[in-house]
Amino acid sequence: MDNPGHGTASGSVIVSPFGCQLANAAGCVNGIARGAQLIPLRVHRTVSQFNTSYLSQAIHDVAEGKIVGQPRLMSIAMGGSPTLSMWKAVKAAEKNGVLIVAAAGNYVRTVVWPARFHSAIAVAAGNVRCQPWKHSSNGSAVDIMAPGESVWRATLNEQHEPINGMGKGTTFATGHVAGSAALWLSVHRHEPAFQTLAERGLLTETFRAALQTSAWRPANGTNPPGTQCNSTQWDSDYGTGILDIAALLDVPLSGMRPRGIVAREEETVPLFASLYPKGTDPERIRADYRALFPSSRSEQDGDLSHFETEILYHYTVDEEVQREVDALVSGQSRGEPADAVRQALLREDLSGRLRHTLSQ
């Protein structure tokens, strides 16, 4: 599960200078934001995150201005199940005007965290034919699709020599969107409205709105010049559309109308709330969560929220739990959806405390 060179590969999509940097290279790596400064933060040996303490600390350090250079943008090409510390870190970044662009995930059945938090921009991967990469995570949490298949990036061969090679995955789609975000920040950072939005914690919402306003979908006869799409159908589980950098930079900052407050998950059960579409009634989220514990009416919501991390872990790794939880969230389950979730969880290897509470 080690990923040596993963940071170099993902970073090269963001900042590599124009042209071939290696002699006799088969292909060239050209970054999106070639004038940007990249500050690597090493947090783990693998992109699969189940111990999130180092990643959460890194996000907090950037959000609180503790990193030299005080970056205002984070590109996160890793993820896993959520923790409360990760949620707090991502919320702090949004509140302090720091953008987080994160990978939706590869080879798993759902959008992973931190991409799935409403305070981050979730990126799915597509290909040159305007279609999703077949192993990209997808779902209602995805904001945008960007090139993520057959992308030239810097890497190492088996002899650990630097080469240019093609890569695939939401890592590289995330690099495209992060590079675009760097350009967007550079274009608007001196505008008076920009500082106001940053101080109000609305940069993430504003950037998301600009991304979605400028995105395009395959259509008969109206695709951007040079594109060759195999289909005119669009699956909304891969976001509003496909990244269009030029159109993104042309969207005026004054034309965006983000909501007047920082996006708020239901803070009683913030991890569970991240499963729901933005704007879902917090009372419904709380009721759905409490319904998992029918015999625990005397317990406070805060006591039951201790189980969120464990429940979301099993949601991430187990297909049955995920299917039943998604049915509960969508409201499309037959019968008693909370009971179906509870029974699916009880078939897992649970902590004694959660098993006892679910079984009461």
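This is a predicted model: local features need pLDDT of at least 70, side-chain atom pairs count only at pLDDT 80 or more; totals for chains, interfaces and linings use all residues.
I started with arginine 347, which counts as exposed at 53% relative accessibility. My labels here: buried is under 20% relative accessible area, exposed over 50%, partly exposed in between, with a 1.4 Å probe and protein chains only. Residues are numbered from 1 along each chain as its sequence is written, and side-chain values use heavy atoms, leaving out hydrogens and water.

Next I looked up the partner. Arginine 347 meets glutamate 320 in a salt bridge (2.4 Å, N to O); the rule is a side-chain nitrogen of Lys or Arg within 4 Å of a carboxyl oxygen of Asp or Glu. Arginine 347 sits in the loop between helix 13 (337-346) and helix 14 (352-359) and glutamate 320 in helix 12 (residues 319-330), so the pair ties together parts 27 residues apart in sequence. Helices (H or I, at least four residues) and strands (E, at least two) are DSSP runs, numbered from the N terminus. Glutamate 320 is partly exposed at 23%.

By this rule I get nine salt bridges. One of them joins glutamate 205 to lysine 278, closest N and O atoms 2.5 Å apart. That pair links helix 6 (residues 203-214) to the loop between helix 8 (270-273) and helix 9 (282-290), 73 residues apart. Glutamate 205 is buried at 9% relative accessible area, while lysine 278 is partly exposed at 31%.

I also checked glutamate 283 with arginine 286, a salt bridge at 2.7 Å, N to O. They are three residues apart in helix 9, so about one helical turn separates them. Arginine 286 is buried, at 18%.

Which charged residue is buried yet has no salt bridge? I found glutamate 308, with lysine 88, the nearest side chain of opposite charge, 10 Å away. (Lys and Arg count as positive, Asp and Glu as negative; His and the chain ends are not counted.) Glutamate 308 lies in helix 11 (residues 308-317). Its contacts (heavy atoms within 4.5 Å) include Thr268, Phe272 and Tyr289.

I read an open, parallel one of four strands in the order 2-4-5-6; strands pair if DSSP finds at least two bridges between them. Strand 2 (73-76) and strand 6 (144-147) are at the edges with a single partner each, so one side of each has no neighbour in the sheet. Four bridges join strand 5 (residues 121-126) to strand 6, and valine 123 stands opposite isoleucine 144.

Technical notes. Lists of a residue's contacts leave out its neighbours within four places in sequence.
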